[in-house]
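Consider how charged side chains pair up in the model below. The walk-through takes the pairs one at a time.

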Amino acid sequence: MAKTMNDDIKTVLVSEEELKEKVKELGQQISADFAGKEVFFLGVLKGCFIFMADLLRNVDLCCDMDFMAVSSYGNGTTTTGAVKISLDLNKDIEGKHLIIVEDILDSGVTLSYLKKYLSNRNPASISIVTLLDKPERRKADIKADYFGFTIPDAFVVGYGLDYAEKYRNLPYIGVLKPEVYEN
C-alpha cells in the first residue's frame, strides 16, 4: 500500500471541525470591530491562502484584498532571520484599515518586518490575524490582534502550512513526525 500524507503526521493538533468554528468566530469578531470602516486584507503567501479564503467568507464587511509573498524560512524548519519579499503589494493602502492575514506567528521575524515595511504606506491602522500562535519561539516583539489557537513548539503542517511545499492540503493542523524533516 502506498504511503499517504497522513502517515507522516505524528498527531492531529487542531481538527477540521475546530478550524471551521474558530475561523467563523474570528470572522465575526473582525466584522464587529471594523464595522463601517474601509478594510483591506493582506494575505502572506503561501501559507495563508486556505485560512484567508475561509476567513473572508466569514467576514461581513465590504473589503479589498491582495497578497504578498514574504519569507524568512526557505525550505527549512527554522527562520533564517533574513526576510525576503518575492511578491509585493500592488494596491494603495493609504488611509485603509490593513489586516495582515498570516497562517502562523512563530518567531515573529517576518511579521515584525512586514508591519514596519507597510506602515510607511500610511494605512489608518495595521492589525494582524493569525490562525496559529507559537509564543515559545518568538524572537521579535510582536503579537497578533486576533489569533485562532496557541500551539506548543512543534513543527506543524496542514490547512495551508507546509514543509518543503508539501502537506498544505491537509484539512487539519498536524504535528509532522520528526523523521520526515530531520533527514
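In this predicted model, Asp 64 is partly exposed, with a relative accessibility of 26%. Its side chain meets that of Lys 91 in a salt bridge, with 3.1 Å from N to O.

A second pair joins Arg 138 and Asp 133, whose closest N and O atoms are 2.4 Å apart. Asp 133 has a relative accessibility of 10% and counts as buried because the cut-off for that class is under 20%. Arg 138, at 23%, is partly exposed.

Arg 137 forms a salt bridge too, with Asp 153 as its partner and 3.2 Å between the closest N and O atoms. This pair links distant parts of the chain, 16 residues apart: Arg 137 is in the loop between β6 (125–133) and β7 (146–150), and Asp 153 is in the loop between β7 and β8 (156–157). Both residues are partly exposed, Arg 137 with a relative accessible area of 23% and Asp 153 with 42%.

Side chains of opposite charge can pair when their charged atoms come close. Such contacts can also join into a group: Lys 46, Asp 162, Glu 165 and Arg 168 are linked in a network of salt bridges. With a cut-off of 4 Å between side-chain nitrogen and carboxyl oxygen, the count for the model comes to 13 salt bridges.

Definitions and conventions:
Residues are numbered from 1 along each chain as its sequence is written. This is a predicted model: local features need pLDDT of at least 70, side-chain atom pairs count only at pLDDT 80 or more; totals for chains, interfaces and linings use all residues. Side-chain values use heavy atoms; hydrogens and water are left out. Buried means under 20% relative accessible area, exposed over 50%, partly exposed in between (1.4 Å probe, protein chains only). Helices (H or I, at least four residues) and strands (E, at least two) are DSSP runs, numbered from the N terminus.
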